[in-house]
Amino acid sequence: MYYTYILSNAWRTTLYIGITHDIRRRVDEHRQGIGGAFTKKYKLHDLVHLEEYDDVTDAIRREKELKGWRRSKKNTLIVLANPTWSDLSTMLI
């Protein structure tokens, strides 16, 4: 499986969009400040949106699509599946 995901900080002021094949490992890396200066700088530790894909090409295509969206559209996407902006990483364990 491949995942397109959105991280946010505790104040929900900044978003990060990425892809990975190992979502647990990648979220842990972000939390430890490994592999991403942007996520480290803005303390983007909360997984607020997650999509699964069988094909890496589809995941990459979706990541690029989401990155092109306005912030308001991203917020709407998150709220539709996760109205309280809960940290979804707790469900991965």
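Which residue of β3 stands opposite Leu7? Select Leu7 and look across the strands: its counterpart is Leu47. Before moving on, note that this is a predicted model, in which local features need pLDDT of at least 70 and side-chain atom pairs count only at pLDDT 80 or more, while totals for chains, interfaces and linings use all residues. Residues are numbered from 1 along each chain as its sequence is written, and side-chain values use heavy atoms, with hydrogens and water left out.

**Stop one: the sheet**

Colour the strands. Here, helices (H or I, at least four residues) and strands (E, at least two) are DSSP runs, numbered from the N terminus. Three strands make up an open sheet in the order β2-β1-β3, with antiparallel pairing; two strands pair if DSSP finds at least two bridges between them. At the edges you will find β2 and β3 (46–53), each pairing on one side only. On average, neighbouring strands of the sheet are turned by 20° against each other, direction ignored. Between β1 and β3, the antiparallel pairing runs over seven bridges.

**Stop two: helices on the sheet**

Now show helix α1 (residues 23–32), which lies across β1, β2 and β3 and runs at about 30° to β1. Contact means heavy atoms within 4.5 Å. Axes are lines fitted to C-alpha atoms, for helices over the stretch in contact, and angles run from 0 to 180 degrees between N-to-C directions.

**Stop three: the rings**

A search of the whole structure gives three aromatic pairs. Rings of Phe, Tyr and Trp (its six-membered ring) pair if their centres lie within 6.5 Å; planes under 30 degrees apart count as stacked, over 60 as edge-to-face and the rest as tilted. Select Tyr5 and Tyr16: their ring centres are 6.1 Å apart and their planes at 50°, so the pair is tilted. This pair links distant parts of the chain, with Tyr5 in strand β1 (residues 2–8) and Tyr16 in strand β2 (residues 15–20), 11 residues apart. Tyr5 is buried at 1% relative accessibility, whereas Tyr16 is partly exposed at 22%. (Buried means under 20% relative accessible area, exposed over 50%, partly exposed in between, with a 1.4 Å probe and protein chains only.)

Then pick Phe38 and Tyr42, another tilted pair, with centres 4.9 Å apart and planes at 50°. Ring pairs link Tyr5, Tyr16, Phe38 and Tyr42 into a cluster.

**Stop four: salt bridges**

The structure holds nine salt bridges, each a side-chain nitrogen of Lys or Arg within 4 Å of a carboxyl oxygen of Asp or Glu. Begin with Arg25 and Glu29, whose closest N and O atoms are 2.7 Å apart. Why are they separated by about one helical turn? Arg25 and Glu29 are four residues apart in helix α1.

Next, zoom to Asp87 and Arg31, which meet in a salt bridge at 2.6 Å, N to O. Asp87 sits in the segment after α4 and Arg31 in helix α1, 56 residues apart.

Finish with Glu65 and Arg62, joined by a salt bridge at 3.0 Å, N to O. Glu65 is partly exposed at 39% relative accessibility, while Arg62 is buried at 15%.
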